[in-house]
Amino acid sequence: MRLRTLTLAAASGAALLAAGVLPANASSGAAPASAKEGSVSASDLLAKVRSCSQISHGKYRTDEETSATVAVCGKNGAVFWKADMDIDCDGRRTTNCNEDRDPWYQDDTRFHQSDGRPLSAEALPYVVVPSSSGIWDYAGSGIQGGGVVAVIYQGRVEYAVVGDTGPEKIIGEASYATARALGIDPDPATGGADSGVTYILFKNSRVSPIESHSAAASLGDRLARKFLQDN
């Protein structure tokens, strides 16, 4: 539920297959073990999202001061967009995600762990989707909290979950843990990637419990292979 009034640049200058549910018992405490997960390569996934069949009613900005250039695109079994990556450090307070490290820190996330607590941005790879608006309603496209996302950057694939919502007109944000796994500077004030990040969200998928990264990686690999077959 991040509502940024400053951009990263300003801060730097100032300072289950398809509809199934895959249960798992892994905890959220461990960081991702690998920056390249599963059996599907980044190049194979990117080959399927070269062209965009726009499903959003308009386009998104990547930051407050930029123009709206990013569309949400539809494919069989998924939606995707290509944008930047801002760093979301919201949720549970940790060593690197707190009020002192993040000028925009909020102590909650739109979706919660199985025990009711906010997600941990430092421990869990998750992606932020724009809040529902006239531009696009993520729920209407089969995207839900805990849904699986393949995040691709510079030849690496990281599987994450839909964990938070952001401003209605801005797109391109993921958790500290997602950035770190992809080799992106995860600093919430000065880090992130200016461009080159692809987000593929698999429709009607959900990891349970949402905080299990191992479950997201396992289901993500299965859904990615199906995505290649169906597109």
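Helices (H or I, at least four residues) and strands (E, at least two) are DSSP runs, numbered from the N terminus.

A word on the background: this is a predicted model, where local features need pLDDT of at least 70 and side-chain atom pairs count only at pLDDT 80 or more, while totals for chains, interfaces and linings use all residues. Residues are numbered from 1 along each chain as its sequence is written, and side-chain values use heavy atoms, leaving out hydrogens and water.

By the salt-bridge rule, the count comes to six. Among them are these:

| Pair | N to O distance |
|---|---|
| Arg93 and Glu99 | 2.7 Å |
| Asp230 and Lys226 | 2.7 Å |

Asp230 and Lys226 both belong to helix H4 (residues 213-230), four residues apart, or about one turn of the helix. Elsewhere, salt bridges with shared partners link Arg93, Glu99 and Asp107 into one network.

How open are these residues? Buried means under 20% relative accessible area, exposed over 50%, and partly exposed in between (1.4 Å probe, protein chains only). Asp187 counts as buried at 19%, whereas Arg101 is partly exposed at 32%. Glu99 is partly exposed too, at 44%.

Technical notes: Salt bridge = Lys/Arg side-chain N within 4 Å of Asp/Glu carboxyl O.
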